[in-house]
Amino acid sequence: MMKTFWKATALAFALTVAAAPAIAEAQPRQDRREWRQDRREDRREFRQDRRGPERNFRQDRRQDRREYQRDRRQDQRWDRRNDRRDNRWDRRDDRREWRQDRRVDYRWDRSNRNWYVGRPEFRDYRGHRAGYWYAPSYGYHRVQPRYANYSWRRGSVLPYEYRRYYVNDPYFYNLRPAPRGYRWVHANNDILLVALATGVIADTLLNVY
């Protein structure tokens with residue numbers, strides 16, 4: 001019985017001694033495996049920690065770029081609006097100054113013998129011609145004998161052939177605007193306010209030139 005016990009003990013010891021190198025060899029493998037696993041987790045955590053600030057930085061940079069572009073577009077719109085507004089005001093000022101200059105310097109004056117000089121509607125005017133009268137912008141026309149030295153009066157009827165020589169710029173002659181259905185026309189050397197439908201003379205400005 002004792003022999004059997006010692007044989008079993010010796011066999012167990014022999015198995016333990018034989019397995020010890022295998023166990024000793026397996027332990028470093030397990031340690032390396034755990035070390036590599038820990039290293040992977042550390043790298044993963046490092047990437048996550050690094051990715052967080054970079055992501056936030058990129059997001060902030062994109063947001064800043066969007067805000068900058070939006071502000072720039074808004075500034076450009078405001079600049080265009082201000083430019084258009086300034087251009088309108090400049091044109092208004094130019095028109096106002098032009099009307100003011102025209103009112104002061106470029107009006108018909110009976111006492112000025114050369115008032116027509118430089119006027120575009122008088123570019124073909126060569127002074128008085130016997131037997132002809134001049135319609136500004138229309139040229140010379142032969143005076144009809146029955147209307148030679150004719151004195152036009154309010155209430156009389158202007159012949160049809162005179163009604164087409166419209167005055168292009170009544171303001172230049174200090175005339176009021178023509179009412180609806182009326183026009184200022186040239187007739188001989190006079191300017192008449194005539195009803196277009198009937199030819200009745202409503203007002204006269206005689207001996208203009």
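**Exercise 1. Is R119 buried or exposed?**

Solution. R119 has 15% relative accessibility, so R119 counts as buried. The cut-offs are under 20% relative accessible area for buried and over 50% for exposed, with partly exposed in between (1.4 Å probe, protein chains only). This is a predicted model: local features need pLDDT of at least 70, side-chain atom pairs count only at pLDDT 80 or more, and totals for chains, interfaces and linings use all residues. Residues are numbered from 1 along each chain as its sequence is written, and side-chain values use heavy atoms, with hydrogens and water left out.

**Exercise 2. Find the salt-bridge partners of R119.**

Solution. Start with the rule: a side-chain nitrogen of Lys or Arg lies within 4 Å of a carboxyl oxygen of Asp or Glu.

- Step 1. R119 pairs with E121, and their closest N and O atoms are 2.8 Å apart. E121 is buried too.
- Step 2. R119 also meets D169, at 3.5 Å from N to O. R119 sits in the loop between α1 (2-105) and β1 (132-135), and D169 in the loop between β2 (139-142) and β3, so this pair ties together parts 50 residues apart in sequence. Helices (H or I, at least four residues) and strands (E, at least two) are DSSP runs, numbered from the N terminus.
- Step 3. Check D169: its relative accessible area is 13%, so D169 is buried.

**Exercise 3. Describe the salt bridge between R146 and E161.**

Solution. The closest N and O atoms of R146 and E161 are 3.8 Å apart. Both residues lie in the loop between β2 and β3, so the pair ties together parts 15 residues apart in sequence. R146 is exposed, at 59% relative accessibility. E161 is partly exposed, at 28%. Now return to R119: salt bridges with shared partners join R119, E121 and D169 into one network. The whole structure holds 5 salt bridges.

**Exercise 4. What is the strand order of the open sheet?**

Solution. The sheet has 3 strands in the order β3-β4-β5, paired antiparallel. Strands pair if DSSP finds at least two bridges between them. β3 (182-187) and β5 (201-205) are at the edges with a single partner strand each, so one side of each has no neighbour in the sheet. The β3 to β4 (190-195) pairing has 6 bridges. In it, H186 stands opposite I191.

**Exercise 5. Which residues have the most contacts inside the largest nonpolar core?**

Solution. They are W115, Y173, I191 and V208, in a core of 16 residues. Such a core is a set of buried Ala, Val, Leu, Ile, Met, Phe, Trp, Tyr and Cys residues joined through side-chain atoms within 4.5 Å.
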